[in-house]
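Please read them alongside the sequence and the coordinates.

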Amino acid sequence: MSPTFQQPNTLRLRRQPKYPRKSAPRRNKFDHYAIIKFPLTTESAIKKFEDNNTLVLIVDVKVKRLSHKAMKQLCNIDIAKVNFLIRPFGEKKAYVRLAPDYNALDAANKIGII
Amino acid sequence: MDTEELKGTRNCKKSSGSEVLCSAIAKIKTRDFRGKKKEELLKQLDDLKAEFSQLFIAKVAGGAASKVSKIRVLRKPIARVLTVINQTQKENLRKFHKGRKYKPLNLWPKKMRHRLNKHKENLKTKKQQRKEGLHPLQKYAFKA
């Protein structure tokens, strides 16, 4: 007999609630309109359109990944990769590198930021 | 949500067609939305939000003052549509749960929702416990 007592495995039932505690799940407030706030049009951002084929966007701080759906809200682009940084005032900036078959300048024109 | 539709609205933002769309959106009255179906309401919400997000882009790109001032204007219509959506949802849920024994907690009446539980109601300070202990309810017996 071991000196420590370990709880024996008992039957553990799943919850069968008689009523849902919340009547309806909360609506998703973090929809893809809330993800991307606006694109940047500073001089260094415009330089990125031309030289590096990237778009520079301000996104919500809680964003971890930029989904295709969220980018579609701006325009129909393919993303190669995204780098994030947090600006000193607390906003998150996303450098969105577009896939090689898309042109950042064209995309910027379509969005309307040039 | 249609991408084509989105593209359509975006491309027509530079034409005068968008002005018509804008004024139509700005005249949203809640009473018009009360009877509508959920899909219609969600679609309207989507349209409004799409227009709303466009205005930020216009602001950044140095857009017309009319566009930038529209940001403030559009917040209330979006709120109205959301209010209608949430209110009708809650109303339908109440109807669904009416008469049932067990209801979800947010459909309970306000007084019941904010009740203290039994333990908290019966908590007493040491002082009060002592007072009650000093003079408990006495039981007497009569000699027959």
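Which helix of chain B gives the most to the positive patch? Helix H5 (residues 65-97) does, with four residues. Helices (H or I, at least four residues) and strands (E, at least two) are DSSP runs, numbered from the N terminus.

1. Basis of the note. This is a predicted model, in which local features need pLDDT of at least 70 and side-chain atom pairs count only at pLDDT 80 or more, while totals for chains, interfaces and linings use all residues. Residues are numbered from 1 along each chain as its sequence is written, chains are lettered from A and ligands numbered from 1 in the order in which they are written, and side-chain values use heavy atoms, with hydrogens and water left out.

2. Positive patch. On the surface, B:Lys27, B:Lys29, B:Arg31, B:Arg72, B:Arg75, B:Lys76 and B:Arg80 gather in a patch of positive charge. Patches are made of residues with over 30% relative accessible area and no salt bridge, like charges being joined within 9 Å and nonpolar side chains (Val, Leu, Ile, Met, Phe, Trp, Tyr) within 5 Å. Lys and Arg count as positive and Asp and Glu as negative, with His and the chain ends not counted; the place of a charge is NZ of Lys, CZ of Arg, CG of Asp or CD of Glu. B:Lys76 is exposed, at a relative accessible area of 54% (buried means under 20%, exposed over 50%, partly exposed in between, with a 1.4 Å probe and protein chains only).

3. Chain B overall. Chain B has eight helices and zero strands. Of its 144 residues, 24% are buried.

4. Link between the chains. Eight salt bridges are found over all chains (a side-chain nitrogen of Lys or Arg within 4 Å of a carboxyl oxygen of Asp or Glu). One of them pairs B:Lys49 with A:Asp31 at 2.9 Å, N to O. B:Lys49 lies in helix H4 (residues 38-60) of chain B and A:Asp31 in the segment before helix H1 (32-35) of chain A, so the pair joins two chains. Both partners are buried: B:Lys49 has a relative accessible area of 14%, and A:Asp31 has 17%.

5. Salt bridges within chain B. B:Lys43 and B:Asp47 form a salt bridge, with the closest N and O atoms 3.5 Å apart. Both residues lie in helix H4 of chain B, four residues apart, about one turn of the helix. B:Lys43 is partly exposed at 43% relative accessible area, as is B:Asp47 at 28%. Another salt bridge joins the side chains of B:Lys36 and B:Glu40 (3.9 Å, N to O). B:Lys36 is partly exposed at 34% relative accessibility, and B:Glu40 is partly exposed at 43%.

6. An unreviewed UniProt entry carries the annotation "domain: Large ribosomal subunit protein uL23 N-terminal" for residues 1-26 of chain A. UniProt positions are given in the numbering used here, feature names are shortened, and annotations may be inferred rather than shown by experiment. In the model, residues 1-26 of chain A are 0% helix and 0% strand, and their end C-alpha atoms are 52 Å apart.

7. A buried strand residue. A:Leu55 lies in strand E2 (residues 54-59) of chain A and is buried, with a relative accessible area of 1%. The C-alpha atoms of A:Leu55 and A:Ala108 are separated by 7.6 Å, although the two residues are 53 residues apart along the chain.

Note on methods:
Accessible areas come from the Shrake-Rupley method with a 1.4 Å probe; for residues, only the protein chains shown count as cover.
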